[in-house]
Amino acid sequence: MKLNSSLFDSIRVKPDKDRQANKSTPQCEWEGCVRPGVHKAPKGRDHEGQYFHFCVDHVKAYNKNYNYFNGMDDDAVRSYQKDSATGHRPTWKMGVNSDPTSPSGRDGNRSSVDDPHEFIESAQKAQKPQKPRRKVLALERRSLDTLNLGETATSEQIKSRYKELVKIHHPDANGGDRSSEDRLREVIQAYNTLKKAGLCD
């Protein structure tokens with residue numbers, strides 16, 4: 001293709017000034033103003049995409065006092081701002097059918113599901129969180145040994161074993177026999193250690 005072709009020389013485009021002059025310029029919509037309204041200003045809420053045409057001075061005045069939320073109370077503004085996070089579209093909670101009371105719920109009636117190999121039930125069992133086993137330190141292990149308990153002893157078992165041993169070794173409970181006072185001290189100290197560690201209330 002030749003750039004110095006006679007075809008290019010015959011193409012003429014009107015300058016921008018002539019095109020602008022031919023366009024009809026709207027009049028400023030500010031009351032009493034007759035200047036051209038070449039600046040657009042939004043009409044406001046519920047009139048998206050619609051504009052007023054103002055001259056430069058009046059568009060400045062309009063924008064200075066413009067308030068999109070004019071006429072809305074604080075709750076309505078908060079609600080509008082919250083809905084704007086999702087583009088004012090409806091949203092649902094994660095797991096739409098997670099209501100166990102509804103027949104079609106995730107954990108509700110499964111009569112419509114044919115599960116001959118019980119895959120759904122076994123998957124639910126696998127998802128149940130296992131209670132983490134507590135880590136027992138050396139001092140706590142010795143205290144549990146003093147109370148003749150294993151590492152998996154519950155708070156109730158520790159308390160009941162403590163009460164049982166105190167009744168056996170306390171001088172008031174065993175008829176004034178003071179020979180087992182050392183054992184009683186060990187039991188009390190072991191219980192206090194376990195209590196501080198949070199293994200019993």
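Q: How many disulfides does a search of the whole structure find?

A: Keep in mind that this is a predicted model. To count as a disulfide, two cysteine sulfur atoms must lie within 2.5 Å. Here the search of the whole structure finds zero. Take Cys 33: the nearest cysteine sulfur belongs to Cys 28 and is 3.7 Å away, and Cys 33 is in no disulfide.

Q: Is Cys 33 buried or exposed?

A: Buried means under 20% relative accessible area. Cys 33 has 10%, so it is buried. Cys 200 is buried as well, at 4%.

Q: Which residues have the most contacts inside the largest nonpolar core?

A: A core of this kind joins buried nonpolar residues through their side-chain atoms. The largest one here has 13 residues, and those with the most contacts inside it are Leu 144, Leu 147, Leu 149, Ala 153, Ile 158, Leu 194 and Cys 200. Two elements, α7 (155-169) and α8 (181-196), each give two or more residues to this core. The largest share, four residues, is from α8. There is also a second, separate core of seven residues, with Cys 28, Cys 55, Val 59 and Tyr 62 among them.

Q: What does Ile 158 touch, leaving aside residues up to four places away in sequence?

A: Its partners are Leu 144, Leu 147, Leu 149, Ala 153, Tyr 191, Leu 194, Leu 199 and Cys 200.

Q: And where is Ser 155 placed?

A: Ser 155 sits in helix α7. With 14% relative accessibility, Ser 155 counts as buried. Beyond residues up to four places away in sequence, Ser 155 touches Leu 199, Cys 200 and Asp 201.

Terms used. Residues are numbered from 1 along each chain as its sequence is written. This is a predicted model: local features need pLDDT of at least 70, side-chain atom pairs count only at pLDDT 80 or more; totals for chains, interfaces and linings use all residues. Side-chain values use heavy atoms; hydrogens and water are left out. A nonpolar core is a set of buried Ala, Val, Leu, Ile, Met, Phe, Trp, Tyr and Cys residues joined through side-chain atoms within 4.5 Å. Buried means under 20% relative accessible area, exposed over 50%, partly exposed in between (1.4 Å probe, protein chains only). Contact means heavy atoms within 4.5 Å.
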